[in-house]
Structure formats: C-alpha cells, structure tokens
Amino acid sequence: MSFEQLGLTVELLKAVAEQGYITPTPVQQKAIPLILEGRDVLAGAQTGTGKTASFTLPLLQRLAENSDPHQKPRRVRALILVPTRELAAQVYESILTYGKHLPLHAEAVVGGSSIGVQTRQLRRGCDIVVATPGRLIDHLQQRNINLSTVEILVLDEADRMLDMGFMPDVQRIMSLIPKQRQSLLFSATVPDTIKALAASALNNPVAVEVARQNATADNVSELVYGINREYKRELLSYLIGSNNWRQVLVFVRTKHGADRLEKQLIEDGIRTAALHGDKTQGARNKALEYFKSGKVTVLVATDIAARGLDIDELPHVVNFDLPQVPEDYIHRIGRTGRAGSSGQALSLVCPEESWLLAEIEKLLKRQIPCVADTGYEPVSLKVMDAPKKRAPDKATGKKDYRHTKKNTTHGGKPAQSEKRKPHGEKRKVKK
Ligand code: AMP
C-alpha cells in the first residue's frame with residue numbers, strides 16, 4: 001500500500017515524500033483512513049511504529065479541509081495531550097514537518113519553558129496545541145487559552161499519562177472541550193484502565209491494534225546477562241568498548257543512579273550524558289542533542305525522562321536496572337528497532353532482580369535468551385519464591401512491586417558462589 005492510497009492530499013504527500021517515507025507503516029495504514037473519515041480511534045501502538053504520523057497526518061488534513069483563512073485570531077481546533085516534554089517536542093516537530101505546506105499554526109505548551117513566552121504565543125492564536133497536562137492547566141487557570149473550539153482531541157501515550165498520575169488533569173481538561181468532537185487515543189499497552197478511559201473519552205471508537213499487546217518488536221534481539229550488581233558498570237563499559245558501540249541508551253531506575261553511572265562511565269573514558277527529571281529543560285535538551293549528533297556515546301536515562309524519545313535507528317538499549325513495572329520493559333526496548341531497522345536490547349540482571357525478570361517474561365509469555373558466559377562468576381537468576389505483591393494500583397491497574405520486600409535467589413544475601421572473586425581474577429575491562 002502507498003501513502004497515495006490512504007487518501008492524503010498533495011501537500012501532505014509532498015511532506016511525507018520529503019521525509020523519504022515510501023510505505024505507510026501498519027498503524028498508518030489502519031488509522032489514517034479511519035481518522036480521515038472522522039471516526040474516533042483507540043490505537044494500541046507502541047512508540048517506534050510510526051504512530052505519531054498516523055494521527056498527525058490525518059489531523060492536519062481534516063483541519064486544513066475546513067480552515068477559515070479569515071479567522072483572526074486563530075482558534076484552537078486540535079489539542080494533543082502527551083505525558084512528557086520530550087514527547088511534546090517530538091510531536092510538535094512532526095506537525096511542523098508534515099504540515100510545512102499547509103497554512104496551519106501549532107504551539108507547544110510544556111513545563112520547564114517560559115510561561116510568559118507561551119502566554120504571548122497562545123494569545124496570538126493557533127490551530128493546534130501540543131501540551132503536557134500540568135502546564136496546560138496553568139494556562140487554563142490564567143485564561144490564556146480557550147478550549148471550547150476544539151474539534152479533535154488526541155491522547156498520546158495514554159498509558160504513560162495514567163502511570164504518571166495525570167488522569168485528574170486529563171479529565172479536567174476533557175470537561176472543557178466540546179463533547180461533539182473527534183477523539184483519538186494512542187497507548188502502547190491497553191490495560192482495563194485504558195479501556196475505561198476510552199469508554200469515557202471516545203465515541204463509538206474503532207480499535208486499531210498493530211502489535212500484539214505486550215509484544216516487543218520482532219526486529220529487536222534481546223539478551224540477558226546474569227551478573228552481580230557490583231560488576232554491572234564494568235561489564236557495560238566492556239561491552240561498549242569491545243563492540244565499539246556508537247549510540248547506547250542505558251536505562252537506570254533512579255535519578256541519583258543516572259548521575260552516578262554517568263560519572264563512572266566518564267571515568268572509564270566513555271562520553272556520556274544523563275537525562276532525568278531533576279535536570280533543567282536546557283540540560284535535557286543539550287543531553288539529547290549531544291546524543292543524537294554523536295557527541296556523546298551513551299545517554300543514561302530514567303524511564304520517565306526517556307519516555308517518547310525518538311532517535312532514528314537507535315541500535316543499542318541497555319537495561320542497567322530492570323524496570324520495576326514489567327510493562328516498562330516493552331516501552332524501553334521500543335526505543336530501538338524503529339520503523340524496520342534492527343536493534344539490540346541487553347539487560348544486565350543481578351540475582352536480586354531475578355523476580356523482576358520473571359515478571360517480564362511472564363508478561364511477554366516467553367523467555368529472554370541468557371548469555372551464560374559473561375566472563376564473570378556465574379550467577380543464578382532462578383526465582384525461588386514469588387515476591388510479595390501489592391494490590392494493583394487503583395489509578396493504573398498495574399501491579400507495582402516498589403517498596404515490597406524483594407525476593408532473591410538466596411533470601412537477599414549473596415550465596416557463596418556469587419561472592420566477589422579475589423581481586424585480579426575478574427575480567428579486565430578493555431579500554
Ligand atoms: P513514532 O512511532 O511516531 O515514534 O515513529 C518512529 C519513527 O519512524 C520516526 O522516526 C518516524 O520519522 C519514522 N517513520 C514514521 N513513519 C514512517 C514510514 N512510513 N516510513 C519510514 N519511517 C517512518
């Protein structure tokens with residue numbers, strides 16, 4: 001199928017061709033005609049599937065079809081809500097890219113940037129607003145924006161907005177938008193909580209599912225390295241150095257962990273930057289820019305900061321810590337193997353995390369191959385007992401194991417075989 005067959009106008013086909021896209025991705029093939037028809041859509045599509053273009057292209061077309069060039073100032077006709085600033089920047093960029101031959105104007109409204117500048121831009125008027133919920137609420141309270149003219153609402157990465165606790169803000173924003181509208185909901189996973197949100201936000205939606213729920217992309221090869229925690233950093237430096245990797249996204253659990261690993265990798269001579277929520281927006285943009293341009297080899301990121309990162313053909317993703325929520329594993333490795341390119345996702349798993357690995361494999365319904373010989377002492381990743389589970393989070397419906405007593409193979413204490421070898425016996429890290 002070609003983009004022409006989807007019913008897009010010449011202005012959009014030209015912009016798509018300028019991007020070098022030849023064939024629409026599966027989510028684009030399914031969602032674009034439905035959105036052009038005016039249907040509400042509930043799409044289960046993870047990042048990397050081409051989902052942004054699948055709603056941006058038809059949204060631009062529908063707005064352009066009945067736009068009034070004499071309307072001054074412009075009214076907000078489409079609102080796209082996203083969970084993070086980085087994703088907002090990417091969606092905004094996509095609108096500029098795909099809409100470059102159309103007379104439509106977009107603004108991005110996100111935290112971490114000057115509210116005064118955004119206020120002036122909003123008051124000048126625009127057709128499309130891409131926003132994170134918190135900052136949009138600030139503007140609504142200050143009456144800088146009026147949502148009563150919105151015709152199309154997009155909730156992008158809705159599962160993450162739920163995870164991040166944005167649902168009350170999203171509900172409040174939705175109550176200010178006319179009920180008579182087109183609504184599109186995109187989510188990497190579609191748990192019951194998302195279905196409930198869809199039932200309240202969408203009108204007779206068509207469900208579009210492009211990858212199996214809880215499935216990872218086929219073109220990503222996954223591996224687990226069983227390794228004691230204290231050797232993880234050494235193994236990571238070794239893998240990067242010996243394989244001459246050029247662009248590696250490394251996930252850690254905490255902001256503090258991100259800073260620490262950044263420092264250690266720099267000490268190992270690897271150009272590294274960290275991306276997390278405590279960094280200023282300027283520092284986050286700089287880290288991302290350096291990573292994209294190849295000035296740094298490694299970007300160490302927390303889940304939230306990395307959400308929605310769109311880096312073309314990112315070849316390597318490393319889980320330095322396994323995620324606490326199994327679904328995040330799918331989000332994380334979705335950064336690689338995008339739009340057909342192949343990628344590699346490695347997880348450095350210590351015995352204390354074996355139960356997390358078991359949860360991930362249960363979700364994936366398959367085992368991730370394990371590298372037997374890491375060059376370090378072999379560790380067992382066998383889970384002896386089920387971890388104590390907390391009740392599913394009421395807001396997200398997800399199981400969350402944070403703050404529970406972690407089960408380890410050996411009741412939390414390293415077994416004899418896992419104890420560090422005498423100094424000198426461990427593998428040397430290649431520089
Ligand atoms: P997304 O899932 O929206 O994050 O998109 C992932 C990546 O795929 C982005 O870098 C897009 O530029 C790229 N992309 C989107 N649609 C296509 C297409 N039809 N052909 C090739 N690349 C695409």
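User: Let's take contact to mean heavy atoms within 4.5 Å. Which residues does Val 317 touch, not counting residues up to four places away in sequence?

Analyst: A note first: this is a predicted model, where local features need pLDDT of at least 70 and side-chain atom pairs count only at pLDDT 80 or more, while totals for chains, interfaces and linings use all residues. Residues are numbered from 1 along each chain as its sequence is written, and side-chain values use heavy atoms, with hydrogens and water left out. With that rule of separation in sequence, Val 317 touches Leu 249, Phe 251, Arg 332, Arg 335, Thr 336, Gln 344, Ala 345 and Leu 346.

User: Is Val 317 buried or exposed?

Analyst: Buried means under 20% relative accessible area, exposed over 50% and partly exposed in between, using a 1.4 Å probe and protein chains only. Val 317 has a relative accessible area of 0%, so by that cut-off the residue is buried.

User: How far is Val 317 from Leu 249 in space, C-alpha to C-alpha?

Analyst: Val 317 sits in strand β12, residues 316–319; strands here are DSSP runs of E with at least two residues, helices are runs of H or I with at least four, and both are numbered from the N terminus. In sequence, Val 317 and Leu 249 are 68 residues apart. In space, their C-alpha distance is 4.8 Å.

User: Which residues of β12 are buried on its two faces?

Analyst: In a regular strand, side chains alternate between the two faces of the sheet. Both faces of β12 are covered. The buried residues are His 316 and Val 318 on one side, and on the other Val 317 and Asn 319.

User: What is the bridge partner of Val 248 in β12?

Analyst: Strand β9 (residues 248–251) is joined to β11 (residues 298–301) by 4 parallel bridges, and there Val 248 has Val 298 as its partner. Strand β9 also runs parallel to β12, again with 4 bridges. In β12, Val 248 is partnered by His 316.

User: How many residues are in the largest nonpolar core?

Analyst: A nonpolar core is a set of buried Ala, Val, Leu, Ile, Met, Phe, Trp, Tyr and Cys residues joined through side-chain atoms within 4.5 Å. In the largest one, Leu 8, Leu 57, Ile 80 and Ile 128 have the most contacts inside the core. A second, separate core has 33 residues, including Leu 122 and Leu 202. The residue count of the largest core is 40.

User: At what distance from the ring centre of Phe 320 does Lys 232 lie?

Analyst: Lys 232 is one of the buried residues of helix α10, which covers residues 232–243. A charge sits over a ring if NZ of Lys or CZ of Arg is within 6 Å of the ring centre and within 35 degrees of the ring normal. Lys 232 lies over the face of Phe 320, and its distance from the ring centre is 5.7 Å.

Conventions
Pairing = 2+ DSSP bridges. Expected span 1.5 Å × (residues − 1).
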